[in-house]
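Please keep the sequence and the coordinates open while reading.

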Amino acid sequence: MAEMEAKKEEKHSKRSSFWVWVMASVVFRLILVYFHKNLNLSSRPEVSTPLTSIRRLAEGYWLKQSSMSPYAGSMYHGSPLLLSLIGPLTVQRIQGKPNYLLCSLLFVLADVVSAVLIRATGQKLQTAYSQSLKLLELDNLSRSSEILSSGDVAALVYLWNPFTIVACVGLSTSPIENLAIILSLYGACTRLPSLAAFGWVVATHLSLYPAILIIPLIFLLGYGLDAPPRKLFVKRTHGKGGDNPSSGSSCQQEELLIQIKLPLTFSWKPVMHFLFWASVWSVYVLALCSLSVKQKGGLWEMFKSTYGFILTVEDLSPNMGVLWYFFAEVFDFFRNFFLIVFHMNILFMILPLAIRLNHRPCFLAFVYIMISSMLKSYPSVGDSALCLGLFGLFIFELADMQFSFFLFSGYVGVSLLSPVMHNLWIWRGTGNANFYYATAMAFACFQIILVVQSTSAMLNHDRKLRKLYVTKP
Amino acid sequence: MAETEAETKSVTSRMRQRPIVRLGFLLISQSVIVSVICCTAGVLALLLLPVLAMNTYISENALMPGSASSMLSHQEILEANKLVRDIASLTSKPAGAAVESRGLIAQYMSNLGAEVNYHKFHPRSNQFHPLHFFSGPGSEAIQDNFSCSLYGVNTVGIVRAPHGDGKEAIVLVTPYDSVRGGVGEALSLGIAYSVFSLLTRVSWLAKDFIWLVADSQYGEYAPVTAWLRDYHTPVFGDLSSLNTEMCDENENIFKLKENSIPERNISYTFRHAGTMAAALVLKVAYRNEHFEDTLSIYAEASNGQMPNLDLINIVNYLAVHRQGLRVKVEKLWSLLEYKWLRILGEILESLGKLAKSLNPDWKFGISASDYVEGTATLASSLYYQALGVPTGPHGAFRDYQVDAITLEISPKYSFNNKDRRSDFLLQGGRLIEGIIRSVNNLLEKFHQSFFLYLLTSPGKFVSVGVYMIVFALLVAPLPLVAASLYADSNDLNPASRKDKKPINFDDLGGLLKSWKWLNSVKRVFVVHLWGAIVSLLPYFISQICDYTPTTNFLIWISLSMLILLILHQILGSPYSHMREIHSQEGEWALLKSVTISSLFIGLSLMSVINFATAEIGALLIVPTTLMAYPLKLDIKARSLRSLSRMICNLVLGVISFPPTTFFLLKGVLEGFKGINAGDFWNWIESLWAWNSATYLYIGMVHLPCWVLCVHILLHSC
């Protein structure tokens, strides 16, 4: 009893300390927002890409206000909805305060909401996981999985990640994009097809790449949350049931199985709901867009200058991705071919990963996001921030990951080296584009190592579970 | 028994499969030997650099220095002499000399048909912009207040090129203090004037020529920066009107002066020419040289940036082969007297001779005196680059990616010798003319030759490809040792795998076994945070109180200690969940591993920003961090090895503390007499006032690393 009390106490203190850290992160952001002019983050190529830059958005808004197409002049490439949502904030002033203040507050709010949603998702995942471990009678493991609240860790990692902070203070729109993705994951985890569909449609509308998340979302809704491989449960219900002389208890367990909706069968109903809602939301979003750009070129121009711009890699200004340099160098007549190759790269990995990781849809979503943030045409630190935040959700499963310290040092080193190389190239003139591109490649390498290592750690964790389950007395 | 055998077999077979992995394991397991070898090799290679230096060559063919014969005639020299005389006569009567000499120079310029304008500027005190490095020039807003009574006026003359399109320009700067100007400055004006008057008539000029007479009463650097800032930041509307709003009464005086000059070409509106291809700063100083006329070249700009080597090459070529000047670059004179350096030089010389006798094609020997001179020059080159403070007004140009150097000509005879003056003017004028003619030939901006190099003599240099090896050798042990320490403390090493304990899932320590480095990372982060705070402190101290440097220094030290204590209390105390990990035995090893990794990252970054700082810093801090070992364990061991390690640790710990390093170096180079605790403060203040990256390096890499080393030394294992 006393132990329970102590645990409760501890939980309470943990919760309060979580909110303290959240508040601290908000205060830290506000301090940085105050020094916005000095930091000048919004002009860094790592922070604001052609898609996420607030300055381009302000330009688009200005064009729209003067009743021109916001896509005229190839400055703005985002969604028209974002334009109506954030656009007014870029010109609004409150009593002599600088005009970026409202935008900054909006982005800070988006970050906090994302963190809270990540936390809720993490708690869902954790309870479901420890339940399924209990069901496998791996009590030891299930107890240890409860020690550290992965939701809290992930939320705090997301909030305190320098990448997130920089993306938020640097006024790129990626906090909004990240919020949409996290919203869809949260909706799927809490089995709310309409919310999941809304998040997915908005995220796809804003940055196109989250479209591939439809597979993990369907798995999440169909199979339920992340769990150990399904084979183990099958073994449990059939193999062990025969051994057990008292059939009553096995019946009970089966009931329990049904009760917590274990992922043995694929349930079509929520998936159908999801698909229905997704179509409803997409029609809705498209209708809003067409209203917004009706007199200025219509939907076709919108698609051309948002999705078309993303897919054809028109803007070759340096960013932290690997595509700009390549397409600056490649001969024009090979351009289309390589465009197809690079985009296929993402699509090729979808199917094998979906087959191998179908019992862990959330982790699958993490891997997809990671891969697309690596290979997308205009990546920014905001995308990496989302990946690292989601990475925290699997802290228990990935406890034995290799090279963690190496990866950490690499991330720190490269993210410091990249602005220095940029300075050397652009301001000092003693370096050249290769210097900067080298850091972009190094960054991509570290991302690859992270995704490979985390996937293999996850598979090892599955193997370990199987071993423990089989050797269990 | 059989089981362990099988295990080792499987391990060996796995290792046999991948030679690279095997090699990596070998290096990591032998990290002590590897680090000793690498560090020694690094120091030796540094001493070998003067031998490895290459002769300079002109890389850009378009420059063609000295291919055309000089057109500067006695006519121009006569006029220049007249200007020098006029200015000298003006300076003899002090009242109003400043205004009049300015008017005089403008008059002379406009008489030649050049466009002339005055540029009024307000000198600004240097301010601390810690992030200045990452932003471009001109990003500092024009918001700082300046007093209106303090202002200087630059005089700018522009010759438009008859064949040019006005998109490129060459700049010649002559600092001239209109109040206290001496004969030297008048002579530099004379040289510049002779070239200027020649260039108004020649037909070959393809780039506009700008002659900036920088008003150097507030230092030589400030007027050039002010002019460059206004040149590169477009001001929409009239600049003078902007000034009128701020400083009203000055403008009235100004207008009066303007009216007194009845020339149409002279104006107050800012005149532009094209982008600058190169800039020269010309100074004349009498240095009492006994042998011949000498030319000193100063090239270091802020943060160790150098102009393109081709610019130095053409100056060197023309000065030596055409004008017969003796070219010098800075040397650390005290190094010349060291015995051990001479002995080392003699050894190298005999080695070179030996090599030559074995194979006549091997030519790497240089004479001992050359070696000593080269080392002294190299040391000063390293020092001035590491300091990150520009050595002259040319530094301002580098911020705008313009290659620039300062030329200081010192004649053999004193200035009073009137007969020699014409010869001297001719010589200097022809040199400048040759350089300008060369730069005029350029088709693109300087890009062919090196930007990253160290000079060992005016005609010899060490390129980035060579000196990077030295640095790489020094820092190569860092990742190896970090990996080996990390592997040891995590039992990842295949050798120590046997006594593997079963993982205990019940506690957090067992669960997050592979993440236990996080705790050490937190400590290292806290110390680096402290470093950042410490490097911000001097700015506030100098803002708030106005004490002597020594007091400031003491305040700084005590505040830093206080903050370190506070941070240790708040953040340094182990996180409640992590206590279990904290009490583990090998914690210091993990801490050292993380420290070394952070040092590696910091040094690599610094080597990109300012190589010289990273090199000097690595020489000091790398051995200290690699050696660091808890004193308690050494005392317990009581062997000769541990005793010597302890002594080494203590000595290195004392030496690598930045203030002691500074005082020791100062004492060795200048003598221990008259060393003052405030000197360090003054030095540091000069660093941050010039926005040197070295300052940030000391505060945010070197000092935290030193603190962490001391922490490891005093660790209670």
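In strand β5 of chain B, D208(B) is the bridge partner of A169(B). The model is predicted: local features need pLDDT of at least 70, side-chain atom pairs count only at pLDDT 80 or more, and totals for chains, interfaces and linings use all residues. Residues are numbered from 1 along each chain as its sequence is written, while chains are lettered from A and ligands numbered from 1 in the order in which they are written.

Strands here are DSSP runs of E with at least two residues, helices are runs of H or I with at least four, and both are numbered from the N terminus. Two strands count as paired if DSSP finds at least two bridges between them.

β4(B) pairs in the parallel sense with β5(B). The β4(B) and β7(B) strands also run parallel.

| Strand pair | Sense | Bridges |
|---|---|---|
| β4(B) and β5(B) | parallel | eight bridges |
| β4(B) and β7(B) | parallel | six bridges |
| β11(B) and β12(B) | antiparallel | four bridges |
| β1(B) and β12(B) | antiparallel | two bridges |

How buried is β4(B), residues 168-176? Nine of its nine residues are buried. Buried means 20 or more other C-beta atoms within 10 Å of the residue's own; exposed means 12 or fewer, partly exposed lies in between, and C-beta atoms are placed from the backbone. Both faces of the strand are covered. One side carries E168(B), I170(B), L172(B), T174(B) and Y176(B). The other carries A169(B), V171(B), V173(B) and P175(B).

Contact means C-beta atoms, placed from the backbone, within 7 Å.

**The three-stranded sheet**

A second open sheet of chain B has the order β1-β12-β11, with antiparallel pairing. β1 (54-55) and β11 (453-457) of chain B stand at its edges with a single partner strand each, so one side of each is left without a neighbour in the sheet. Helix α12 (residues 368-387) of chain B packs on the sheet, touching β11 and β12 of chain B. Its direction makes about 145° with that of β11(B). Helix α15 (residues 464-475) of chain B lies across β11 and β12 of chain B, at about 55° to β12(B).

A hairpin through two residues joins β11(B) to β12(B). F461(B) in β12(B) is the bridge partner of L455(B) and of M54(B). N55(B) stands opposite K460(B).

Helix α14 of chain B (residues 418-441) has 24 residues, which should span 34 Å at 1.5 Å a residue; its end C-alpha atoms are 35 Å apart, which agrees. The expected span is 1.5 Å times one less than the number of residues. Of the 24 residues in α14(B), 18 are buried.

A677(B) belongs to helix α26 (residues 677-689) of chain B. A677(B) is partly exposed, with 16 other C-beta atoms within 10 Å. Beyond its neighbours within four places in sequence, A677(B) is in contact with T550(B) and F553(B).

**Chain totals**

Chain B has 27 helices and twelve strands. Of its 717 residues, 44% are buried. Chain A has 21 helices and zero strands, and 46% of its 473 residues are buried.

Methods
Two residues are in contact if their C-beta atoms, placed from the backbone, lie within 7 Å. Axes are lines fitted to C-alpha atoms, for helices over the stretch in contact, and angles run from 0 to 180 degrees between N-to-C directions.
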